[in-house]
Amino acid sequence: MMAIDSITLAILKGRLEQIADEMDATLFRSAFNPIIAEAHDASHGIYDAKTGDTLVQGKSGLPIFVGVMAFAVKAVIEKAKTQGGIHEGDVWIFNDPYDGGTHLSDFRLVKPIFRNGEVFCFLASVGHWHDVGGNVPGNYNPAATESFQEGMLIPPVKLYDKGVFRQDIVDILSANSRLPLSLYGDLNGQINALDLGEKRMAALLDDYGDATVAESLVELKARAAEMMRAQISDLPQGTVSAEDFLDNDGIRDEPLKIALDLTIEDDRMVMDFSRSSPACAGPVNISRSTTIAACYVALKHIFEDVPANAGVLEPVEFRIDEGSLLAVTAPKPVGGYTETILRLIDVVFQAVAKIAPEPAMACAYGTINALSLAGHRRSGQRWVMFSFFGGGHGAHGNGDGLNHGNAPISTATIPPLEILEAAYPVRFTQWALRQDSGGPGKFRGGLGAVYEIALLEEEADVFLFGERGKFPPQGVVGGHPGATTRFSYEQDDGELMPPMVSKMVGIHIRRDQKLRLETPGGGGYGNARSRDPAKVADDVRLGYVSVENAERDYGVAISADGTADLDGTARLRAREAGE
């Protein structure tokens, strides 16, 4: 095996990442549905020819997709063994959430890249399609008890067979969607992204040679594993535990536990989820591959300097009980996987905070609050609005949490209200930060948001799939939790709230009636009474914190001119300390 110098390795790393970035950009610019085009709910990567392991990921796509796509590529490799092998010109398509997937909305395309008659690597594309059938428009069905109620399930099949496009596959997909035109546009965007990636990869291999590029991929993975082992070995030895809860599964109003026992043994890490709840009736289950991918994302948040590839997980052992809600098989419903992996990431953050406070961060808002509205326009045309919404990120040892950010499973963006209003018959009457929602701490949790939406058509059905309605995002190192989710909707007899707080189907609204969603803030970091009074006064001036909460939570008195009253603050904090 040839040695590769550091300069060449750095150049190749940049070129490879650029290929993934360009595939991301191609899909974002060509997709028909706003969840991909505006929110960037998609991702691309480069994967190992033999194992399917992640080699390179783009910087703009969703990290959770990149992690789980390694299992998707492995699924294609295994399926191809029963289908006569992999051939030049093949492209595979599927959305099986139990075999390298997440949930049914996320369609994957996998394309082998050939050099001299051999597979050199795989390129993969995944995107969240707007509607793939099922009981609920937009597919986030909080009342599903089996995957058949969530949409169509397509196992790995060939979209291109030795370069020949299979229109019959597209016909099947289109016939099972309420929005076939959107599906068609997103599919072609993914095909074009892979075609561009193939051209860019060929150019790179021509420039540097197959052997040099192959060696760079091996070396990048080895360095990631080495750096991860070094960072783990710097952590205190021993076992810590953390647990958090989901509100319910949408079927039974009972909390579901996600528990982690995290062990550091020299340069190895053991992540044991054995104490987590068993599989549930409703759609907050996830597959084992999704659990591992979520841990990959959590670890990358904590160990930021480690390169993003399969080497990150080499020194990590996973213990996940078969039959738990973290390792289900078909046909258990998995449509709300986002809510579960966000809680899983939260417990990783909480556990790491107990052994290494410095790199730890408090929990983010912990739900995408998936909201779907659907109806018919006056012309009779079907419309389906699906969107997710932002909240506060957790504080950390270097500062406050981000206000109104997107979920830490992704680098996606919250769809702009102008795009949503242009595409659907709705009007946002409020889109604002939510005061007092960030968890108090030496560093404050980021603020959640308030969204208020009025219907402009005659009637619509509404579906909510959220979380954090009962269990708030936790703070770390003595920080306080953020606020919980609050959802309400107008009816003729007044304002109502879901019986299960964060999940509901069967809401029917009429013209001018409003929906109101108040999203959680992030958890705080450190003792709130040690926060700089001037920063608290700034928070009050900006409307982030009320005067009342400044006194109650931070022990800071605010003067009439809006500045911190230092004498009053000293008295408040002394009283709290019992002096």
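Residues are numbered from 1 along each chain as its sequence is written, and side-chain values use heavy atoms, without hydrogens and water. In this predicted model, local features need pLDDT of at least 70 and side-chain atom pairs count only at pLDDT 80 or more, whereas totals for chains, interfaces and linings use all residues.

The protein contains 12 helices and 22 strands (DSSP runs, H or I of at least four residues for helices and E of at least two for strands, numbered from the N terminus). Its C-alpha atoms fill a box of roughly 80 × 65 × 40 Å along the principal axes. Of the 579 residues, 61% are buried (under 20% relative accessible area, with a 1.4 Å probe and protein chains only).

An open sheet is formed by 5 strands in the order E14-E15-E20-E17-E18, with antiparallel pairing (two strands pair if DSSP finds at least two bridges between them). Strands E14 (426-433) and E18 (494-496) each have a single partner strand and stand at the edges, so one side of each lacks a neighbour in the sheet. Within this sheet, strand E17 (residues 486-491) pairs with strand E20 (residues 514-518) over 4 bridges in the antiparallel sense. Ser-488 has Arg-516 in E20 as its bridge partner.

Leu-181 belongs to helix H5 (residues 180-208). With a relative accessibility of 59%, Leu-181 counts as exposed (over 50%).
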